[in-house]
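Please look over the sequence and the structure below before reading on.

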Amino acid sequence: MFKTADMLKIFEKHRGDAIVVSGRGGRHWIKLSDTPTDIPLGDPAMGGHAGFAFGLAMALPHKKIILFDSEGDLQMSMGVLITIAEQKPANFYHFMLDNECYVTTGGQPVPNAKNVKYDEIARGAGYPRAFAFDNLDAWSKALPDILAKPGPVFCAMKVAPEIEN
């Protein structure tokens with residue numbers, strides 16, 4: 001597991017001019033980025049971040065769209081993976097932060113959290129590239145290649161749980 005803030009600091013060096021949808025999973029992003037095209041924390045409602053970012057990717061095919069999703073959000077709308085995979089937006093990069101708990105509703109544990117393989121679920125839905133990382137160094141080394149190739153791509157990342165303030 002690694003810290004979300006540490007991961008986002010590394011990502012910032014590689015983001016280029018991509019539009020970032022921070023979602024609840026990327027709440028630290030707001031402190032790192034002052035880019036006006038970034039979509040703020042909490043928009044849209046929980047469970048809607050992947051669909052929202054996918055819509056941006058389809059509407060703006062010339063712009064790279066980066067989503068920092070959470071496992072709780074994805075669980076609420078897992079069917080969106082199938083639609084994204086079918087439409088194959090080459091500009092869509094889906095990073096899911098898995099902290100094994102529902103932080104925004106009080107920190108309840110995610111059922112079967114240690115065994116769920118979200119990268120395999122994404123691959124099974126049809127994502128052409130899907131990865132899982134629990135080591136920050138491995139993710140950091142893979143990130144340039146992940147972003148250099150077309151999407152859609154899915155990355156499940158085990159991050160340390162944090163208390164929301």
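The points below are grouped by topic.

This is a predicted model, in which local features need pLDDT of at least 70 and side-chain atom pairs count only at pLDDT 80 or more, while totals for chains, interfaces and linings use all residues. Residues are numbered from 1 along each chain as its sequence is written, and side-chain values use heavy atoms, with hydrogens and water left out.

**The chain**
- The chain has seven helices and seven strands, where helices (H or I, at least four residues) and strands (E, at least two) are DSSP runs numbered from the N terminus.
- Read from the N terminus, the order of these elements is α-β-α-α-β-α-α-β-β-β-α-β-α-β.
- Of the 165 residues, 48% count as buried, a word that stands for under 20% relative accessible area, with exposed meaning over 50% and partly exposed in between (1.4 Å probe, protein chains only).

**Aspartate 145**
- Aspartate 145 belongs to helix H7 (residues 136–148), and its relative accessible area is 39%, so it is partly exposed.
- The side chain of aspartate 145 makes a polar contact with that of lysine 149 (3.3 Å); such a contact is a pair of N or O atoms within 3.5 Å, and within protein one must be able to donate a hydrogen and the other to accept it, while residues adjacent in sequence count only if both atoms are side-chain atoms.
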